[in-house]
Amino acid sequence: MDRVALRGLKARGHHGVFPREREEGQTFIVDLVLGLDTRPAAADDDLAKTVHYGVVAEEVVAVVEGEPVDLIETLAERIAEQCLKHDGVQEVEVIVHKPDAPITVPFDDVTVTISRSRV
């Protein structure tokens, strides 16, 4: 399985369990690794035979900016479902970063990582 990665997609969302998170929103960062067979696209140099990562990036940002959820686990699941709608994508790893999570001690980042596949 070949990999196409998108790292550092940024979007503002209103996800979280606290009212302040829902009202003010915050930046979320998403990393993706899409698993697919790139050989047909490479052989014919044809974008139509691979995943258009620009389209995927726009769709992921739309999910983050869309309907609020309480948990970043739920957000990651929605992103994975969107990625797997692309015919060539057989599996996806999604990492959702919440660098401004409401934590009272110093920290660098909070992430949730999930892997999903068609199988």
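User: What volume does the largest pocket have, and what counts as a pocket here?

Analyst: On a 1 Å grid over the protein atoms alone, a pocket is an open set of points where a 1.4 Å probe fits, with protein on both sides within 12 Å along at least five of seven lines; its volume is the space filled by probe spheres set on the points, which are joined across faces, edges and corners. In this structure the largest pocket has a volume of about 160 Å³. The model is predicted, so local features need pLDDT of at least 70 and side-chain atom pairs count only at pLDDT 80 or more, while totals for chains, interfaces and linings use all residues. Residues are numbered from 1 along each chain as its sequence is written, and side-chain values use heavy atoms, with hydrogens and water left out.

User: Which residues line the largest pocket?

Analyst: A lining residue has an atom within 4 Å of a point, and those of the largest pocket include D37, K49, H86 and D87.

User: Which members of the largest nonpolar core touch the most other members?

Analyst: In soluble globular proteins, nonpolar side chains tend to be buried together. A nonpolar core is a set of buried Ala, Val, Leu, Ile, Met, Phe, Trp, Tyr and Cys residues joined through side-chain atoms within 4.5 Å, where buried means under 20% relative accessible area (1.4 Å probe, protein chains only). Of the 29 residues in the largest such core, V30, L32, L34, I79, V94 and V96 touch the most other members.

User: What is V94 in contact with beyond its neighbours within four places in sequence?

Analyst: Taking contact as heavy atoms within 4.5 Å, V94 has among its partners V30, L32, A76, I79 and I114.

Conventions:
Buried < 20%, exposed > 50% of the residue type's maximum accessible area, 1.4 Å probe, protein only.
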